[in-house]
Amino acid sequence: PAAGRKGDSELAAELAAAQAIWASPLARALETALVGLHPVLCSSARQDAPALVLKPALREKKRPGGLDSISARRGRGCVRRALAFLGRDISSADAAELASVQVDAREAARRWWAWVESRNALRRRIRRLLLDLERSQLRAVILVGHSFLFRELFRMAIVEGAAPPEVVEQLTQRKAGHCDVVRCEMNLGLGSITSVHIYSPAAGVVVDEGARQRRRGGGRRVAPESG
């Protein structure tokens, strides 16, 4: 996000304070994590900069005919594939810096994708992901995944009053935009999302949970319907 816009500094500060970054092993998600979270992964201001962990539970839902949700790579091979794609579009110096990022690929060492996945199977996988989050005892984790996965997570977990109705509709019914960031507060013991903020650079909108929608440009404020 461009500096100077209202809300950007708060978002950047919260991302920078993350204790862990978990990403889908699929190349496009791993590329997003390496590039989009580069300032966090390579921060010189932190001696405890988080490692990037490949989490197969964050992979996209495999639908019939969906060849973009399977892979031929495992473990470090997932990292090499993502770096190879990125190397086509960035300088050699930037590529070398990204290659130096610590990546824990142990969970992706075996075949981590499914051929076809039902909605019930996806929900079981999401519950395992939430259990992993609870067991980690980490307070702030960045998850980098995919649209259908997160849509199903929001359908399962958002509680009444966590966000205005139009935000809930956006998260549970529509495809997420590229580089959208959704900040959630969760009760992991109950598997519930209790508040939501959305940052959407494509739409230029920051949405506060249960409060208001601030549209960039002119400072206009639009009050959502109360829920």
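Modeller: Among contacts in the protein (heavy atoms within 4.5 Å) between residues at least 6 apart in sequence, 69% join residues at least 24 apart. The model is predicted, so local features need pLDDT of at least 70 and side-chain atom pairs pLDDT 80 or more, whereas totals for chains, interfaces and linings use all residues. Residues are numbered from 1 along each chain as its sequence is written, and side-chain values use heavy atoms, without hydrogens and water.

Colleague: How many helices and strands are there in the protein, and what share of the residues counts as buried?

Modeller: The protein has eight helices and nine strands, taken as DSSP runs numbered from the N terminus (helices are H or I, at least four residues; strands are E, at least two). Of its 227 residues, 41% count as buried. Buried means under 20% relative accessible area, exposed over 50% and partly exposed in between, with a 1.4 Å probe and protein chains only.

Colleague: Which residues of H7 are buried?

Modeller: In helix H7 (residues 147-157), the buried residues are Ser 147, Leu 149, Phe 150, Arg 151, Glu 152, Leu 153, Phe 154 and Ala 157. These are eight of the eleven residues of H7, so the helix is largely enclosed by the rest of the structure. The cover over them includes H6, S4, H8, strand S5 (181-187) and strand S6 (192-200).

Colleague: At what angle do the axes of H6 and H7 cross?

Modeller: Axes are lines fitted to C-alpha atoms, for helices over the stretch in contact, and angles run from 0 to 180 degrees between N-to-C directions. Angles under 35 degrees count as roughly parallel, over 145 as roughly antiparallel, 65 to 115 as roughly perpendicular and the rest as oblique. The axes of H6 and H7 come within 10 Å and cross at roughly 80 degrees, which makes H6 roughly perpendicular to H7. The residues of this contact of H6 with H7 comprise seven nonpolar, no polar and six charged. For these classes, Ala, Val, Leu, Ile, Met, Phe, Trp, Tyr, Cys and Pro count as nonpolar, Asp, Glu, Lys and Arg as charged, and the others, Gly among them, as polar.

Colleague: Where do the axes of H7 and H8 stand in this scheme?

Modeller: The axes of H7 and H8 (residues 165-173) come within 7 Å and cross at roughly 135 degrees; the two helices are therefore oblique to each other. Arg 151, Phe 154 and Arg 155 in H7 meet Leu 171, Thr 172 and Gln 173 in H8. This contact has two nonpolar, two polar and two charged residues.

Colleague: How many aromatic pairs does the count give?

Modeller: A pair of aromatic rings is described by the distance of the centres and the angle of the planes. Rings of Phe, Tyr and Trp (its six-membered ring) pair if their centres lie within 6.5 Å; planes under 30 degrees apart count as stacked, over 60 as edge-to-face and the rest as tilted. The count comes to one aromatic pair. The ring centres of Trp 112 and Trp 113 are 5.2 Å apart and the planes stand at 85 degrees, so the pair is edge-to-face. Trp 112 is buried at 4% relative accessibility, and Trp 113 is buried at 8%.
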